[in-house]
Amino acid sequence: MMSTVNSNNEENNGEDMSITTPSTSSLSSVAANHASQRQPGNAPLGSGLEARGIHAWFGKHHALENVSLDFAAGTVTALIGPSGCGKSTFIRTLNRMHEFIPSAAMAGEVLLDGKDIYEAGTDVTKIRLQIGMVFQKPNPFPSMTIGQNVLSGLKLAQIKSPKNNDDLLEECLTRAGLWTEVKDRLDAHAGGLSGGQQQRLCIARSLAVNPKVLLMDEPCSALDPGSTLRIEDTIGQLAQTMTIIIVTHNMQQAARVSDYTAFFLSDGGPGQMIEVGPTNEMFSRPKDQRTENYVSGRFG
Amino acid sequence: MTILSNSTPVTPQKPWKVSKKQQLPNLFLIAAAVVASFVIVAATPMKGKLAYLLLFFVIGTTFQLALSWYKRGRAAAADTVAGAVMMAGAFIVFLPVASLLITTIVKGSKGFRPHIFNHTMAATSYSDPLTSGGLIHAIIGTLFLIVIATAISLPLSILTALYLTEIKGKASGFIQFLVQAMSGVPSVVAGIFIYAAILLTTNLRGSTFIGALPLAILMIPTVTRTAQEVLNLVPNELREAGLALGATQWKTVATIVVPAARNGLITAVILGVARIAGETAPLLFTLGTSDKINWNPFSGGQNALPYYIWSGLRDGTEGGINRAWTGILVLLILVLSLFVSARIFGSRKVK
Ligand SMILES: Nc1ncnc2c1ncn2[C@@H]1O[C@H](COP(=O)(O)OP(=O)(O)O)[C@@H](O)[C@H]1O
Ligand SMILES: [Mg+2]
């Protein structure tokens, strides 16, 4: 098992781990518990995403080198690594946000349902509709109410949901773990919510358009521990219907929420993916010395 | 299960750029729209360049709309229409500007010869052949006017803007109102004001300095209001960060806020200079006049490019009008090079 995770192996791994892995560190035990919760029998919904040989450049600066990762449907993958190693850059190549930077260039393929999203003639708005994104800083639309924020995706993408708006509103807010807190003030402006609530509102907003994949770039880094836990709960729920890729600097968080962990590192040159594997293996017995140093807090 | 080991170097690509092949249908549609508009103009009583343009726009847009609807659905079609409307708007603005530039270049180049940059009109009259005379005295006059008007108005404007955005003193409302009112003052009124207030009441005569005063009056509201806008864009966190380090408000403003707004402030000055560089009316009362170079801004009449243009047009002879066009061309080049150099020298290097 090197850089590509095969989706067929994944559930067996999860099962094995939960039974046989002796937990040596607290991190790996959290990961093992988490993995045991995921039912092997439940065929996950959503679609997988596969990155093949991704490189990214900003002008002449080679920011990311040859990253291949397979995100199986219904799994949560955590991307960890020190600042500046290209995690954000990588995640932004996955839903074609990278191209908004004028000097940006890339190479490689990103397959959604087996189709390259960079293929000529692809409707990029449809791609971003299927691959949602939650940003580091909560960014609810300031001119809209809470309810309007949740439904804004439908309006912006000019699509209709099969459900009626009230049901959809409740469903999305419930899945994002925010419903009970805001159900009496859906007409209030989103600016009045706390940071953690705003971030969950942003998650609810991305759920309304029913994405297959959800990208999260350090979604909890500006939040208090309580809000962070709520969002982690939310992620666990969401993984039953979609594929989630989350960048995090918080090792405990990676251990708690993810099935797989990929470690990125830049040794002064372009960022590279050093190692990927089931989360508890990554934390208990990583294959690469650099991963070991990082997860045990010896550098980075 | 394996790392893709690419031995061949990977090259940066931009797969999001529309490739030549993808543009082919578009090119084809544009060609079809051109042909269709020619056919329609020939077959119907519609006449003239405007008819071609209008038809081309309407037909071209319709084709594009049909293509994007067919390929990507209704939302994409709406996108195409919005894009076409914006293109049309930009084109409508671009057309007169381009026409103006081309006319100026064509007509102005007749008298645009090297010797105009080291001759004055001291020994030449406007109707003389274009081989004699020049406008270096007017260029120098205009540069003098811009420098003096900027030197007067820039500190006043920036300080006013700082008062309005940083100090927010008691008089802010009133000053804001005055600035607003000042920006509506017609330039000729500014000229008459200086004429009445200074030239009629003292025994001073028209000079470069007196001529720069109405220009400064015109420049102040433009620079103040633009500066105010850009200072308001500086995030409050920066001010708080400065204050939290123990800086006084003045130090924070001078070392953090103003440098952060630097590029915007340069834009403010550029807009101010653009406002005054071509002003003629206020100069008629205040500048005096001169046919030769006058290096003393405080005594004796002066010339300026707008004034030179006005004189040439008023002369009315073919020579005079040609000289006026050349003056316009030189003024355009002068103002443009001022702006470009302000941008180059003013904007700090990023990193
Ligand atoms: N907009 C940009 N322009 C130029 N370089 C960038 C830009 N964004 C990121 N980079 C560079 O790309 C590298 C990876 O950055 P990033 O993906 O943001 O790292 P991470 O998210 O892992 O902290 C860094 O060296 C950074 O300086
Ligand atoms: Mg980042």
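## How helices are compared

Axes are lines fitted to C-alpha atoms, for helices over the stretch in contact, and the angles between N-to-C directions run from 0 to 180 degrees. Helices (H or I, at least four residues) and strands (E, at least two) are DSSP runs, numbered from the N terminus.

This is a predicted model, in which local features need pLDDT of at least 70 and side-chain atom pairs count only at pLDDT 80 or more, while totals for chains, interfaces and linings use all residues. Residues are numbered from 1 along each chain as its sequence is written, chains are lettered from A and ligands numbered from 1 in the order in which they are written, and side-chain values use heavy atoms, with hydrogens and water left out.

## Helix pairs in chain B

Let's start with helix H5 (residues 172–182) and helix H7 (residues 208–233) of chain B, which pack at an angle of about 125° with their axes 8 Å apart. That angle makes H5(B) oblique to H7(B). Here is how the words work: angles under 35 degrees count as roughly parallel, over 145 as roughly antiparallel, 65 to 115 as roughly perpendicular and the rest as oblique. H5(B) and H7(B) have a left-handed crossing. A crossing is left-handed if the near helix is turned anticlockwise from the far one by less than a right angle, and right-handed if clockwise.

Now look at helix H2 (residues 49–72) and helix H3 (residues 74–108) of chain B, whose axes come within 7 Å and cross at roughly 155°. H2(B) is therefore roughly antiparallel to H3(B). The crossing of H2(B) past H3(B) is right-handed.

## Around ligand 1

Which residues are around ligand 1? They are Phe58(A), His61(A), Ala63(A), Ser83(A), Gly84(A), Cys85(A), Gly86(A), Lys87(A), Ser88(A), Thr89(A) and Ile101(A), where a residue counts if one of its heavy atoms lies within 4 Å. By class, this shell has four nonpolar, six polar and one charged residues. Ala, Val, Leu, Ile, Met, Phe, Trp, Tyr, Cys and Pro count as nonpolar, Asp, Glu, Lys and Arg as charged, and the others, Gly among them, as polar.

A backbone N or O atom of Lys87(A) lies 2.8 Å from an oxygen atom of ligand 1, and for a backbone N or O atom of Cys85(A) the distance to a ligand oxygen is 3.3 Å. Thr89(A) brings a polar side-chain atom to 2.5 Å from an oxygen atom of ligand 1. Strand S2 (61–71) and helix H3 (87–94) of chain A are the elements that give two or more residues to the shell. H3(A) gives the most, with three residues.

Helix H8 (residues 195–207) of chain A packs against H9(A) at an angle of about 15°, with their axes 9 Å apart. H8(A) and H9(A) are therefore roughly parallel to each other, and H8(A) passes H9(A) in a right-handed crossing.

Most residues other than glycine have a negative phi. Asn66(A), in strand S2 of chain A, has a positive phi near 45°.

Definitions and conventions. Polar contact = N/O pair within 3.5 Å; in protein donor to acceptor, adjacent residues only side chain to side chain.
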